[in-house]
Amino acid sequence: MFAASSEQDLYEVLGASATESTEELRHRYQQLVLKCHPDRLSGHGSCEEEVALKRFLEVDAAWKILSDENKRKDYDLQRRARDLKQDWPVDSTVFLEDMAWNSEERSYTHCCRCGGAFVLDEEEVQEEEVQNQDGAGRSRGVIVCCDTCSLSVCVTWTHRPQS
């Protein structure tokens with residue numbers, strides 16, 4: 001949904017943090033728009049105008065998402081998911097074959113020592129099979145974070161169990 005902005009953090013675009021209220025974000029947005037609005041910089045040279053226009057469009061796009069409560073909530077969820085998929089120190093390796101299959105949720109689960117769970121949905125497994133096969137047909141693995149603590153595991157498999 002937010003693919004165009006996925007490379008750049010929208011809060012960073014506004015010079016804000018995710019904990020700021022909509023009013024605080026509005027204030028930051030207004031300050032930035034005053035600085036980089038294309039009308040304000042007309043006649044300053046085409047290069048400067050292009051940079052200002054690009055910055056203005058980034059700020060405006062960020063504000064359009066973060067000013068809408070539902071869009072902001074969706075963005076925050078995607079941002080959190082993206083953060084969880086970053087390379088983390090891996091606590092251990094778990095084989096997909098050793099994980100419990102939940103047919104209702106179409107996902108694999110493995111219990112964490114904290115009492116939480118490592119959850120890998122079927123779509124992620126299929127994506128890994130398509131994108132990241134090594135020459136021997138073995139998956140290189142997927143890093144999965146615990147849903148409760150900061151531990152992560154590398155889930156790997158040779159052949160996916162029949163679901």
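A residue counts as buried under 20% relative accessible area, as exposed over 50%, and as partly exposed in between. Histidine 37 has a relative accessibility of 25%, so this residue is partly exposed. The model here is a predicted one. Histidine 37 sits in the loop between H2 and H3. Follow the chain on to leucine 57, 20 residues apart from histidine 37. The C-alpha atoms of the two are separated by 9.1 Å.

Now take the helices on either side of that loop. H2 covers residues 22–36, and H3 covers residues 46–66. Their axes lie 10 Å apart, and the packing angle is about 165°. H2 is therefore roughly antiparallel to H3, since angles over 145 degrees count as such. The crossing of H2 past H3 is left-handed.

Which residues make the contact? From H2 come Thr22, Leu25, Arg26, Tyr29, Leu32, Val33 and Cys36. From H3 come Ala52, Arg55, Phe56, Val59, Asp60, Trp63 and Leu66.

Look next at aspartate 60. This residue belongs to helix H3 and is part of the contact with H2. Is aspartate 60 buried or exposed? Its relative accessibility is 16%, so aspartate 60 counts as buried, the cut-off being under 20%. Its side chain has a partner: a polar contact of 3.0 Å joins it to the side chain of tyrosine 29. Tyr29 is one of the H2 residues in the helix contact.

Note on methods. Residues are numbered from 1 along each chain as its sequence is written. This is a predicted model: local features need pLDDT of at least 70, side-chain atom pairs count only at pLDDT 80 or more; totals for chains, interfaces and linings use all residues. Side-chain values use heavy atoms; hydrogens and water are left out. Axes are lines fitted to C-alpha atoms, for helices over the stretch in contact, and angles run from 0 to 180 degrees between N-to-C directions. Helices (H or I, at least four residues) and strands (E, at least two) are DSSP runs, numbered from the N terminus. Angles under 35 degrees count as roughly parallel, over 145 as roughly antiparallel, 65 to 115 as roughly perpendicular and the rest as oblique. A crossing is left-handed if the near helix is turned anticlockwise from the far one by less than a right angle, and right-handed if clockwise. Contact means heavy atoms within 4.5 Å. Buried means under 20% relative accessible area, exposed over 50%, partly exposed in between (1.4 Å probe, protein chains only). A polar contact is a pair of N or O atoms within 3.5 Å; within protein, one must be able to donate a hydrogen and the other to accept it, and residues adjacent in sequence count only if both atoms are side-chain atoms.
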